[in-house]
Structures are given as C-alpha cells and as structure tokens.
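Please keep the sequence and the structure in view while reading.

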Amino acid sequence: QVQRVESGGGLVQAGGSLRLSCAASGRTFSTYAIGWIRQAPGREREFVAAISRSGGQTFYAASVKGRFTISRDNAKNTVYLQMNSLNPEDKAVYYCAARSVVMLLPRYDYWGQGTQVIFSS
C-alpha cells in the first residue's frame, strides 16, 4: 500500500497559479496510476486529471484541460499538478489517489488527506 501526502494548496487570486504535490511512501509507487480528484463545498467529488504508471499517458477533465498539467517523478515518488489560470470554480479540496490503472472517475483505491485551494477576494 502507498501512503500519499498532498501539499501546495493555499490562497490564490483569480488568474493565478499553484503547484500541488503528492509525495508517496513505499517502494511500489511506480506500479500505481495516480489521479487528482477535487471536491468543492456542497458538491460531489470530481475527477480532475490522471497519469499512468510510467507517466507516458495523461488525462484531463474538460474543465481543466489546457490549464492544468499533471506529471510524475517516480525517482522522487512524487506526482505534481500544475494549475494555471485559476478561477473561483477551481476552489476545492484536492486529493491525490492511487489505483492499479487509470480511472477517469473519482473511484480510486488509496487516498491522501487533501489540500485546499482557496481564492482571495
């Protein structure tokens, strides 16, 4: 089992950028596909992006395509989510999650504790 810790969330202005990180423990990190899923207040969890085990394939929700970039460094056991052109619709708690293969739905097996993205007025 791989444990994950997200970081990088915080306060941002509309149009700004943040980079989220998901650091994992365990020697089997590269055997898991990783997804980023978010949950806004009062809403269901929403798939955001995913990356294959090798990093060779990436997938995005239509709402973030062209603005967000997912990447991974298996040597560092870390997955990143670069988020640009942020807008208030992106306000949510962001989770990284793992499973054996990519899933384009928020149905992953192992979850981190989440990191929050908040907008300043």
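## A loop between E2 and E3

In this predicted model, Ala14 sits in the loop that joins strand E2 (10-12) to E3. Even so, Ala14 has partners from elsewhere in the chain: when residues up to four places away in sequence are set aside, it touches Leu86, Pro88 and Phe119. Val117 lies 103 residues away from Ala14 along the chain, and yet the C-alpha atoms of the two are separated by 11 Å.

Gly16 belongs to the loop between E2 and E3 as well. Leaving out its neighbours within four places in sequence, Gly16 is in contact with Met83, Asn84, Ser85 and Leu86. A contrasting case is the pair Gly16 and Ala97, which are 81 residues apart along the chain and whose C-alpha atoms are separated by 25 Å.

## Two residues with positive phi

Ser85, one of the contacts of Gly16, is found in the loop between E8 and E9. Its phi is near 50°, which is a positive value in a residue other than glycine. With a relative accessibility of 42%, Ser85 counts as partly exposed.

Asn77 is placed in another loop, the one between E7 and E8. Its phi is positive too, at about 50°, although Asn77 is not a glycine.

## The loop between E3 and E4

Is Ser30 buried, partly exposed or exposed? The relative accessible area of this residue is 37%, so Ser30 is partly exposed. Ser30 is found in the loop between E3 and E4, and its contacts, apart from neighbours within four places in sequence, are Arg53, Arg72 and Asn74. Between Ser30 and Val48 there are 18 residues of separation in sequence and 20 Å in space, taken from C-alpha to C-alpha.

## A tryptophan in strand E10

Trp111 lies in strand E10, which covers residues 110-111. At 24% relative accessibility, Trp111 counts as partly exposed; the reason is that this value falls between the limit for buried residues, under 20%, and the limit for exposed ones, over 50%.

Which residues does Trp111 contact, leaving aside its neighbours within four places in sequence? They are Arg4, Ile37, Arg45, Tyr95, Cys96, Ala97 and Pro106. For Tyr95 the separation from Trp111 is 16 residues in sequence and 6.8 Å in space, C-alpha to C-alpha.

## The nonpolar core

The largest nonpolar core has 32 residues, and within it Trp36, Leu81, Met83 and Tyr94 touch the most other members. At least two residues of this core come from each of several strands, namely E3 (18-25), E4 (33-39), E5 (46-51), E7 (68-73), E8 (78-83), E9 (92-99) and E11 (115-119).

Apart from neighbours within four places in sequence, Leu81 is in contact with Leu18, Arg19, Leu20, Trp36, Val48, Ala49, Phe68, Thr69, Ile70 and Tyr94. Two of these partners, Trp36 and Tyr94, are themselves among the core residues that touch the most other members.

## The protein as a whole

The protein has 11 strands and 0 helices. Its radius of gyration is 13 Å, close to the 14 Å that the globule rule gives for 121 residues, so the protein is as compact as a globular protein of that length. Along its principal axes, the C-alpha trace spans about 40 × 25 × 25 Å.

Of the 121 residues, 43% count as buried. The accessible surface of the protein comes to about 6,300 Å², and carbon and sulfur atoms account for 46% of it. As for charge, the protein has 14 positive and 7 negative charges, and the mean positions of these two groups are 5 Å apart.

Terms used: Residues numbered from 1 in each chain as written. Predicted model: local features only at pLDDT ≥ 70, side-chain atom pairs only at ≥ 80, totals over all residues. Heavy atoms only, no water. Helix = DSSP H or I, 4+ residues; strand = E, 2+ residues; numbered from the N terminus. Rg over C-alpha atoms; globule rule 2.2 N^0.38 Å. Buried < 20%, exposed > 50% of the residue type's maximum accessible area, 1.4 Å probe, protein only. Areas by Shrake-Rupley, 256 points an atom, 1.4 Å probe, with all protein chains shown as cover. Lys, Arg positive; Asp, Glu negative; His and termini not counted. Charge placed at Lys NZ, Arg CZ, Asp CG, Glu CD. Core = buried A, V, L, I, M, F, W, Y, C linked by side-chain atoms within 4.5 Å. Contact = heavy atoms within 4.5 Å.
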